Amino acid sequence: MSDLERRDHRLDIAATLLLAIAAICTAWATYQSSVWRGNQAKAQSASIAARVESTRQAAVANRQAQIDVALFIQWVDAFALGEDELTAFYRTRFREEFVPAFDAWVATRPRENQNAPKSPFAMPEYVLAANVKADELESEAAAKGLEVQRNIERADSYMLAVVLFAISLFFAALSTKLRSRDMRLTLLGLGYVLFLGTAIWLATQPVTLSG
């Protein structure tokens, strides 16, 4: 085999090697992109579900607050009229979550203490579990929203890698069709540079094996 033939043979081997590894990496990047898309869809569903439940819990808290306000107004009216039996009647019907705030407010002696809070609803003891749950779910929805964005970016990165690997495959395949050794070397060089650059960049991206 002449030197010319040996050089051509080495170029063929280099092109075949690039075709093989670029094809494998293309398949891997395609798989990763699809998995991250799946993760994005799951995170988006979770975000929507959390936000819907947050809205529902906020509505529950709003209804509970309305009940507390209505009963408290009735209690104030009865108390102002000196109707002890009616006052006790309304007092026994306060919701459990409202009682600690009401007792704490009464303890401030609002009739004598000008610095006392205007109502039990201004007391730190007035906490609605539904409101707390709504806030937690809203935070969860926001976190899932950020996760959706991250997964989109990761899927897009892998899809870009697919395109770049495909270009390196094109250079490798085209080099086998040319007769000019200089052109073959140039195309192979471009293909390898593009492949290695993409592979190094892709190595910095997160990897997942399940959606």
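How many salt bridges does the count come to? The count comes to nine salt bridges in this structure, which is a predicted model. A search of the whole structure also finds 18 aromatic pairs.

**Salt bridges**

- Side chains of opposite charge can pair when their charged atoms come close.
- Asp-12 and Arg-184 form a salt bridge, and their closest N and O atoms are 2.5 Å apart.
- Asp-12 is in helix α1 and Arg-184 is in helix α5, so this pair ties together parts that are 172 residues apart in sequence.
- Asp-12 is partly exposed, at 33% relative accessible area, whereas Arg-184 is buried, at 6%.
- Asp-156 and Arg-37 also meet through their side chains in a salt bridge, with 2.4 Å from N to O.
- Because Asp-156 lies in helix α4 (residues 129-175) and Arg-37 in helix α1, this pair ties together parts that are 119 residues apart in sequence.
- Asp-156 counts as partly exposed, with 37% relative accessibility, and Arg-37 counts as partly exposed, with 34%.
- A salt bridge joins the side chains of Glu-97 and Arg-95, at 3.1 Å from N to O.
- Glu-97 is partly exposed, with a relative accessible area of 22%, while Arg-95 counts as buried, at 17%.
- Arg-95 and Glu-97 belong to a network of salt bridges that also links Asp-68.

**Aromatic side chains**

- Phe-94 and Phe-98 have ring centres 4.9 Å apart and ring planes at 90°, so they make an edge-to-face pair.
- The rings of Phe-98 and Phe-102 have centres 6.0 Å apart and planes at 40°, so that pair is tilted.
- Phe-94 and Phe-98 are both buried; the relative accessible area of Phe-98 is 0%.
- Phe-102 is buried too, with a relative accessible area of 4%.
- One aromatic cluster includes Phe-94, Phe-98 and Phe-102, along with Phe-72, Trp-75, Phe-79, Trp-105, Phe-121 and Tyr-126.

**The largest pocket**

- The largest pocket holds about 220 Å³ of space.
- Its lining consists of Trp-75, Val-76, Phe-79, Trp-105, Val-106, Arg-109, Pro-110, Arg-111 and Glu-112.
- Helices α1 (3-80) and α3 (99-107) are the elements that give two or more residues to this lining.
- The most comes from α1, which gives three residues.

**A nonpolar surface patch**

- Trp-28, Tyr-31, Val-207 and Leu-209 form a nonpolar patch on the surface, and together they have about 400 Å² of accessible area.
- Val-207, one of these residues, lies in the segment after α5 (181-202).

Terms used:
Residues are numbered from 1 along each chain as its sequence is written. This is a predicted model: local features need pLDDT of at least 70, side-chain atom pairs count only at pLDDT 80 or more; totals for chains, interfaces and linings use all residues. Side-chain values use heavy atoms; hydrogens and water are left out. Patches are made of residues with over 30% relative accessible area and no salt bridge: like charges are joined within 9 Å, nonpolar side chains (Val, Leu, Ile, Met, Phe, Trp, Tyr) within 5 Å. Accessible areas come from the Shrake-Rupley method with a 1.4 Å probe; for residues, only the protein chains shown count as cover. A salt bridge is a side-chain nitrogen of Lys or Arg within 4 Å of a carboxyl oxygen of Asp or Glu. Helices (H or I, at least four residues) and strands (E, at least two) are DSSP runs, numbered from the N terminus. Rings of Phe, Tyr and Trp (its six-membered ring) pair if their centres lie within 6.5 Å; planes under 30 degrees apart count as stacked, over 60 as edge-to-face and the rest as tilted. Buried means under 20% relative accessible area, exposed over 50%, partly exposed in between (1.4 Å probe, protein chains only). On a 1 Å grid over the protein atoms alone, a cavity is a set of points where a 1.4 Å probe fits but cannot get out, and a pocket is an open set with protein on both sides within 12 Å along at least five of seven lines; lining residues have an atom within 4 Å of a point. Grid points are joined across faces, edges and corners, and a volume is the space filled by probe spheres set on the points.
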